[in-house]
Amino acid sequence: MLLANATLPDGNRADIAIADGRIASITAPGLPNADPDRRDLGGALLLPAFIDGHIHLDKTHMGAPLVPHVPGGSVRERIAAERVARHGVPLPVEARAANLLRRLLANGTTRVRSHVDIDNDVKLANLEALLAVRAAWKRLVDIEIVAFPQSGVVSESGAADLLDAALAAGADLIGGLDPDGFDHDVSGQLDIVFALAEKHGKAVDIHLHDGGETGGAELRDIAARTQALGLQGRVVVSHAFALGDLSPESFGKTAQALARAGVAIMTSSPAAVPVPPVKTLRSHGVTIFAASDNIRDCWSPFGNGDMLDRAAIVAARQEFYSNDDLRLALDLATVEPAKALGIAGYGLAPGAPADLVAIDTPSIEEAVINRPPRKLVIRDGEVVAENGALAAGVAA
Ligand SMILES: [Zn+2]
């Protein structure tokens, strides 16, 4: 396949040849080329496909009627509401997850990290559903699965054994949840989480909503454990609201610890809480990326599986207004999650996987501001979506 007249991220025009699922060459446009599968992009912006590094495929209600949101102030109240509501959704996990994956793919995302609830209520049922979904979607979307203790680790009896079984059954990472705010036992939870990571040789991705100095101390604890186990580059803390809420001295100490330990941060930028300051963290050498998190589920009715939208939400929240800022916003949905998730060879270069998205707009800045429909989505060298809709026969 030849993608002619693409606009590259640096603004230059190019022709991109694709062979065997990879980018074969990137050359100045107009060179003679007899490729029968030549597509003229007419100057559309071409990017490596988006990465959504934090979603919940088992929680989404996509495709089911709207489940009215049950208000609840604390994480514990929200979890209790969800444990009741999740049995009333009239579509199985597999169908809802597939509905969301279709949306993600049509919007140009070909790699996701999904957390999956593990507790005494669902046990490994949601994991088994997502393992089946992952196998069915292998050709279209790369799916990483985090065994997520949604009802706690220490305070949910038997959770540690279920998490152990989940990792043995095929989950790629071990999760965690507010060691202080939920389990009220920081060492207790982190001992179990990091011991399971070590036992199974798996990476770690912890939900941390705990704010202020408590959250800061937990972040430094996680960084220390990461270094002690040699897990640098394989640990993510999701949300880390505390980073938006620390004294300058404490922030500096915590950011340095995260950078030294290679612990990355995910932000989805919910409106009502402090959020990690993206540019300041980057200046300390911390990797930070954007992701959707909850999409049309018990936690939030919002979200649409569009990483350009998410980049814009984060940009607005961080007051990213300059051209450099808008380009950084796009990086939070592309190269930065690639770093955080350890995806080798990601990018627009000869030899890189031909997972690409073309957007009918002349620049990255305009893409983030206007979020136009995707002109073309290419997965493994094949067109899977066009003008915002999946190609015929794809993921039917
Ligand atoms: Zn989450």
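Predicted model: local features only at pLDDT ≥ 70, side-chain atom pairs only at ≥ 80, totals over all residues.
Is glycine 42 buried or exposed? Glycine 42 counts as exposed, because 12 C-beta neighbours lie inside 10 Å. Residues are numbered from 1 along each chain as its sequence is written.

**View 1. Glycine 42 in its loop.** Glycine 42 sits in the loop between β4 (38–40) and β5. Here and below, helices (H or I, at least four residues) and strands (E, at least two) are DSSP runs, numbered from the N terminus.

**View 2. Strands β7 and β8 side by side.** Isoleucine 143 belongs to β8, where valine 112 stands opposite it. β7 and β8 pair in the parallel sense over seven bridges; strands pair if DSSP finds at least two bridges between them. Five of the seven residues of β8 are buried, so this strand is largely enclosed by the rest of the structure.

**View 3. Helix α3 and its buried side.** Helix α3 takes in residues 125–137, 13 residues in total, and reaches 18 Å from its first C-alpha to its last, close to the 18 Å expected (1.5 Å times one less than the number of residues). Buried here are Asn126, Leu127, Ala129, Leu130, Val133, Arg134 and Trp137. They cover an arc of only 160° around the axis, which puts them on the same side of α3; the arc is that of the directions from the helix axis to the C-beta atoms. An α-helix has 3.6 residues a turn, so residues three or four places apart point the same way. The cover over the buried residues of α3 includes α2 (93–106), β7 (109–117), β8 (142–148) and α4 (159–169).

View 4. In α4, the buried residues are Ala159, Leu162, Leu163, Ala166 and Leu167. Their arc around the axis is only 140°, which puts them on the same side of α4. They pack against α3, β8, β9 (173–177) and α5 (186–200). Glycine 170 follows α4, with a positive phi near 130°.

**View 5. Two loop residues with positive phi.** Most residues other than glycine have a negative phi. Aspartate 20 has a positive phi, near 50°, and lies in the loop between β2 (13–19) and β3 (22–27). Aspartate 20 counts as exposed, with 8 C-beta neighbours inside 10 Å. Lysine 123 also has a positive phi, near 50°, and its place is in the loop between β7 and α3. Lysine 123 is partly exposed, with 15 other C-beta atoms within 10 Å.

**View 6. Where the two domains touch.** The chain is divided into domain 1 (2–48 + 350–390) and domain 2 (50–340), with bounds from an automatic or database domain assignment. 18 residues of domain 1 are in contact with 20 residues of domain 2, contact meaning C-beta atoms, placed from the backbone, within 7 Å. On the side of domain 1 that touches domain 2, the largest share, five residues, comes from α12.

Methods: Buried ≥ 20, exposed ≤ 12 C-beta atoms within 10 Å, placed from the backbone.
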